[in-house]
Amino acid sequence: MNLKGITSLTKILSKNTEMQMPDRTLYKVLAAIAVLLIMIPCTVIVGFISYVMTEALLEVDNPGGGMLFEMQILSAFSMVFGILVIFSIMFFSSDREHFVTLPIPVHHLMIAKFMYAYFAESVMEFLILISVFVGYFIAIGRNVGLTAAIHPVSIIASILGVALIPLVPMIYCAIFSLILMAALSKVRSTGVFYRMSSLFLFLFAALFVFSLRGIGEVNMENYVESLGSGDNLFLRTLNIIFFPVPWLSEAISRGSILYLLLYLVGNAGLLIILFYLGKLLYQRGLYTAASLGSSKKADVKSKDIVIESPFMASVKKELRVILRTKAFSGNCAYINILWPVGAFLLFHFTRNKGGIATYIRMFREGNDRAEMILIIVMIAIAFIATALNSLAAAAFTREGQHLALIKFIPVPFRTQLYAKAFVCILFTYPALLATDIIVCIYMGASPVKCIAFALLMFLAHIISMILGMSLDSASPYVDWDDEYSALRGNLNTFFNMAVMMLIALVVGIIAVLLYEVLKLPILALYIVLFLILGGATARIMVVGPARIMENMKKMS
């Protein structure tokens, strides 16, 4: 294996398939906001969970159980969300035709693409894993002693774990891709493959739900107890699938060099299997991918050509791009379903127990503080949901290499802009409205309050949408390699999320200060928030579209 050649290929792929951050002060500020409001809070929360679970499991003499569970959960998520990324990068990236003509062993190209995908997909997971181990060592240090916590083998094992835990699920994804692409040579369709991610997610979710059986009342205490006793079906199954991870857990918790060596051998063995399987199947898979791509031919008939308004034509074009592209449909359109479904599951299973039951009771009794909290939560959901689906922050990035057509098609900029905004509202706001209705039903809120929440959420949604489109129009990411790169490598979506979290935080702080410090009545709080969000919306609707259209004129 030519390691130097593979490393060079990996570097080339990394430079050509990620958006380079513009050298502007604004983007540096946005990067700082993203670090402060997304990356650091996520790592702190995960580290705290690791600390609490380790503290709880120390009582049943299983201190590594919580750490093992978190590592296995991360492995499962890596497999679910990595399968389509690996498939797309390995077989359907736009640079495929360029590389296969070069004098490069095809399996070396496969390993380089795999390594690029592995590092690109795992950056945030590396940070989360660091926080998992930090939380674990802090808990061990407080209860067992600093000497036990800083055992050299444990430290070395945790450092290696940060780098290697995402490797096994990604290897599984690559192996699965190779085998399935070989089978697709007869199936002649990628539809079967694109359903695999959903299938894996369903299987893992079903397994998790099934593991709740037999633990009694569903709460964190009982679930942690099942982890400590070793009776948790979900964890036992993941230990079999991602078999090297329990060895790493033993190496860290026991300071065992033997388990550490086993862990390294297990990872190396899987990597060797991938290498030789790629040597055997990757070329065949590339031929299959080429034949599948060339078989898609448009069949345009005279009856299919109709005359419609420029706006409707632009809307239909946006809908086709989003719904007919797996990456965009899943990450931009269908992801919005998570909000009403999540709200339903949260209240349906917890409305009669714990803190949620107490909160619902306080709200129904007319507690103004409980209502103030709900107002803040609903507004924050609208800001974050709009940024999360990337519909606005990738509105121009989705055009890719065809971005220049925006200037040349006989459709006014304003019409194209309104079409993109309409599609964002179409996919996002109905889901927000459904979430509002579900929350209000379970909370026992009156129809008037439900309508008030809906209006506040709509204002927050419009603000988030226009800011996202403004950000993407200023510096669209057009040189993406595949649709997943258009979302994953687009800094605009990441920065837009950070900005929306900051705005949601500011609005929340204002609401708390108005209620707690100025002692504003709850009705007056509604009015003030309407005025703030309404004024901001009016201002941004005047300035935002004009700025976006100016950016559209400069696109090339």
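User: Before we start, what should I know about the model and its numbering?

Analyst: It's a predicted model, where local features need pLDDT of at least 70, side-chain atom pairs count only at pLDDT 80 or more, and totals for chains, interfaces and linings use all residues. Residues are numbered from 1 along each chain as its sequence is written, and side-chain values use heavy atoms, with hydrogens and water left out.

User: Why is helix 5 called roughly antiparallel to helix 7?

Analyst: Helix 5 (residues 106-143) and helix 7 (residues 152-164) pack at about 150°, with axes 7 Å apart. Angles run from 0 to 180 degrees between N-to-C directions, and axes are lines fitted to C-alpha atoms, for helices over the stretch in contact. Over 145 counts as roughly antiparallel, under 35 as roughly parallel, 65 to 115 as roughly perpendicular and the rest as oblique. So helix 5 is roughly antiparallel to helix 7.

User: What makes up the contact between those two?

Analyst: Contact means heavy atoms within 4.5 Å. Among the residues that meet are Phe126 and Phe133 in helix 5, and Ile155 and Gly161 in helix 7. The contact divides into 10 nonpolar, 3 polar and no charged residues. Here Ala, Val, Leu, Ile, Met, Phe, Trp, Tyr, Cys and Pro count as nonpolar, Asp, Glu, Lys and Arg as charged, and the others, Gly among them, as polar.

User: Why is helix 15 called oblique to helix 21?

Analyst: Helix 15 (residues 310-323) and helix 21 (residues 413-443) pack at about 50°, with axes 9 Å apart. That makes helix 15 oblique to helix 21. Their contact holds 12 nonpolar, 3 polar and 3 charged residues.

User: And what makes helix 15 roughly perpendicular to helix 16?

Analyst: Helix 15 meets helix 16 (residues 326-333) at an angle of about 100°, and their axes lie 6 Å apart. Therefore the pair gets the label roughly perpendicular. Val321, Ile322 and Leu323 in helix 15 touch Phe328, Ser329 and Ala333 in helix 16.

User: How do you know that the span of helix 19 agrees with its number of residues?

Analyst: The expected span is 1.5 Å times one less than the number of residues. Helix 19 (residues 368-388) has 21 residues, so it should span 30 Å, and its end C-alpha atoms are 30 Å apart, which agrees.

User: What goes on at the start of helix 19, and just after it?

Analyst: At the start, a side-chain oxygen of asparagine 367 comes within 2.9 Å of the backbone nitrogen of arginine 369. Just after helix 19, serine 390 has a positive phi of about 65°.

Terms used. Helices (H or I, at least four residues) and strands (E, at least two) are DSSP runs, numbered from the N terminus. A polar contact is a pair of N or O atoms within 3.5 Å; within protein, one must be able to donate a hydrogen and the other to accept it, and residues adjacent in sequence count only if both atoms are side-chain atoms.
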